[in-house]
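Subject: Structure for your review

Dear colleague,

Please find below the structure that I am handing over to you. I would be grateful if you could read the notes that follow it with the coordinates open.

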Amino acid sequence: MCCSDLTPAFKGQELMAGSPGSRMSVPLGKLVLIAGTVASGSGALLYYLIQKTFSRTSYYQLALEHLQSHPEAREALGPPLNTHYLHLTDRENFVDIAYAQLKIPVSGSKSEGYLHVSSSRDNPFTRWHLREVFLELKDGQHIPVFKFGGVNSDEVQKE
């Protein structure tokens, strides 16, 4: 049976089914690869955006300012002072409506460690107040950087 013997309706269906690109048929392996790439890219972008959000918060910025202005901590780490991404899966990194606790990885030319930050606020839309900031070096040494002066006072103590 030759193609010319077929009825026009049947010929059209045969040609459509056999022509490449007539249907969006993608091999399963290629589909999995594309989906995996999109998911990985989305995950990486989300991770970056979360890190960026944390680094812009007032308690994060204030804690780093206190670290940079603390001579003993700067000396222990050595110049230049570098901050690194938070470990988002670390249970010590916790933020809710009224309380924030972070463990910020920091390093310098002499040592590395974590800047522990504790902050709170009275109401959801009010300013954050640092409660305590201390540097924990990899050798276990703790250097107090900042501690809130009193419960009902605006007094601040730099250690």
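The notes below go from the overall fold to individual side chains.

Please keep in mind throughout that this is a predicted model. The average pLDDT of the protein is 83, and 79% of the residues score at least 70. Of the elements, strand 4 has the highest mean pLDDT, 97, while helix 1 (residues 8-18) has the lowest, 46. Within that region, residues 10-18 have a pLDDT below 50, and the stretch makes six contacts in the model beyond near neighbours in sequence. A further stretch, residues 151-159, also stays under 50 in pLDDT; for these residues the model has 18 contacts beyond four places in sequence.

Overall fold

The protein contains four helices and seven strands. Read from the N terminus, their order is α-α-α-α-β-β-β-β-β-β-β. Of the 159 residues, 28% are buried. The exposed surface comes to about 11,000 Å², of which carbon and sulfur atoms supply 59%. As for contacts between residues at least 6 apart in sequence, 41% join residues at least 24 apart.

Aromatic pairs

Two aromatic pairs are present in the structure. Tyr47 is partly exposed, because its relative accessibility of 35% falls between the limits of 20% and 50%.

Tyr59 and Trp128 form a pair with ring centres 4.9 Å apart; their planes stand at 70°, over the 60 degrees required, and the pair is therefore edge-to-face. This pair links distant parts of the chain, since Tyr59 is in helix 3 (residues 58-68) and Trp128 is in the loop between strand 4 and strand 5 (129-137), 69 residues apart. Tyr59 counts as buried at 4% relative accessibility, and Trp128 counts as buried at 11%.

Charges over rings

Two side chains place a charged end over an aromatic ring. That of Lys103 sits over the ring of Tyr114, 4.5 Å from the ring centre. That of Arg131 sits over the ring of Phe148, 4.5 Å from the ring centre.

His116

His116 is located in strand 4 (residues 112-120). Its relative accessible area is 10%, under the limit of 20%, and His116 is therefore buried. The side chains of His116 and Glu136 are joined by a polar contact of 2.7 Å. Beyond neighbours within four places in sequence, His116 is in contact with several residues, including Glu92, Leu102, Lys103 and Phe134.

Thr126

Thr126 is found in the loop between strand 4 and strand 5. At 33% relative accessibility, Thr126 counts as partly exposed. A polar atom of the Thr126 side chain lies 2.8 Å from the backbone oxygen of Asn123. Thr126 and Ala98 are 28 residues apart along the chain, and their C-alpha atoms are separated by 9.3 Å.

Yours sincerely

Technical notes. Residues numbered from 1 in each chain as written. Predicted model: local features only at pLDDT ≥ 70, side-chain atom pairs only at ≥ 80, totals over all residues. Heavy atoms only, no water. Helix = DSSP H or I, 4+ residues; strand = E, 2+ residues; numbered from the N terminus. Buried < 20%, exposed > 50% of the residue type's maximum accessible area, 1.4 Å probe, protein only. Polar contact = N/O pair within 3.5 Å; in protein donor to acceptor, adjacent residues only side chain to side chain. Contact = heavy atoms within 4.5 Å. pLDDT = per-residue confidence, 0-100. Phe/Tyr/Trp six-rings, centres within 6.5 Å; stacked < 30°, edge-to-face > 60°. Lys NZ or Arg CZ within 6 Å of the ring centre and 35° of its normal. Areas by Shrake-Rupley, 256 points an atom, 1.4 Å probe, with all protein chains shown as cover.
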